[in-house]
Amino acid sequence: MDPVLSIQKLTKTYDNGFVALKGVDLAISRGEIFALLGPNGAGKTTLIGIVCGLVRASSGEVTVDGFDISKNYRAARKKIGLVPQELSVNVFETVWNTVIFSRGLFGKTPDPAHLEKVLRSLSLWDRKDSAIRALSGGMKRRVLIAKALAHEPEILFLDEPTAGVDVELRRDMWAMVRNLRQSGVTIILTTHYIEEAEDMADRIAVIDKGDVILVEEKHALMRRLGQTRVRIALTKKLYNIPDGLCDWPLTLSPDGMSLAFTQAGESEARDDSLARLLKALVARDIDFSSVQSSQSSLEDIFIDLVGKNR
């Protein structure tokens, strides 16, 4: 199946000489939740800006559901909804008028029922007649989302959508995102809350210094680059690691009361290795009182990837 969003050899160099994107290639499938992760200044917002028509690319091609953004801008842009980081609405206008106006901008006929559904899903229906300036920060963020959804886009960009918002809004937003995905909408998000990407995304891309350094299905990425950290608490002090345990990358704590190791690879292989280690300890009359293990998070993997790219 052809991707709903195709980005090929995309570059952007600003007038001051700063190279924001260096030949980015991405293909995003219809209906997936795609997380674009990277440190500040990596090129995430520039990339989104180009796709959404807010920034002009230096070179490369972008097609949205088959429409080239440079040759068929209006058709391509109709397919996209954008929730930007910054407030981008007339704060003196009402919520209702804002979403009606946004829908009209994309040439859509009025559909009060759709707009009511969007506002209700974001707990904004009771505030539809309020001026945006009278709303709280969290409510204003909800208006941005409603505005982006007003014209029924097939692709929704969420650029740091939960930065600085309350827990309730974050919960409501992710429930809405799951519902949108079920209806076939493609979601592309950037976030500093990497645990959100770990929870929500189907695939992960990591961008750094204008280069996409990794694109992978989330679970495959966690299996391939994830690690297990294990700590075994001993009942009696060890003064050194027995020679027969050299198959494991063990370290002995300074007090001699615990063994620790970190192991990469598939989770099944890691589980088998730990089981063999525990059997080896029992065979050598090394008693232990507890075994604690923890898995790498997506944030751990992200930090390691970006650190290696420095």
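Axes here are lines fitted to C-alpha atoms, for helices over the stretch in contact, and angles run from 0 to 180 degrees between N-to-C directions. The model is predicted.

**View 1. Helices α3 and α4 cross at roughly 125°.** Helix α3 spans residues 95-105, and helix α4 spans residues 112-121. Their axes come within 11 Å. Angles of 65 to 115 degrees count as roughly perpendicular and those over 145 as roughly antiparallel. α3 and α4 are therefore oblique to each other. The crossing is right-handed. From α3, the contact takes in Val95, Trp96, Val99, Ile100 and Arg103. They meet Pro112, His114, Leu115, Glu116 and Leu119 of α4. By class, this α3-α4 contact holds 7 nonpolar, 1 polar and 2 charged residues.

**View 2. Helices α8 and α10 cross at roughly 70°.** Helix α8 covers residues 218-225, and helix α10 covers residues 298-308. Their axes come within 10 Å. That angle makes α8 roughly perpendicular to α10. The crossing of α8 and α10 is left-handed. Leu221, Met222 and Leu225 of α8 meet Leu298, Ile301 and Leu305 of α10. The α8-α10 contact has 6 nonpolar residues, with no polar and no charged ones.

**View 3. An open sheet is built from 4 strands.** The strand order is β12-β13-β11-β14, with antiparallel pairing. β12 (251-252) and β14 (288-295) are the edge strands. Each has a single partner strand, so one side of each lacks a neighbour in the sheet.

**View 4. Strands β12 and β13 pair at 2 bridges.** Strand β13 spans residues 258-264 and runs antiparallel to β12. Leu252 stands opposite Leu259 of β13.

Key
Residues are numbered from 1 along each chain as its sequence is written. This is a predicted model: local features need pLDDT of at least 70, side-chain atom pairs count only at pLDDT 80 or more; totals for chains, interfaces and linings use all residues. Side-chain values use heavy atoms; hydrogens and water are left out. Angles under 35 degrees count as roughly parallel, over 145 as roughly antiparallel, 65 to 115 as roughly perpendicular and the rest as oblique. A crossing is left-handed if the near helix is turned anticlockwise from the far one by less than a right angle, and right-handed if clockwise. Contact means heavy atoms within 4.5 Å. Ala, Val, Leu, Ile, Met, Phe, Trp, Tyr, Cys and Pro count as nonpolar, Asp, Glu, Lys and Arg as charged, and the others, Gly among them, as polar. Two strands pair if DSSP finds at least two bridges between them.
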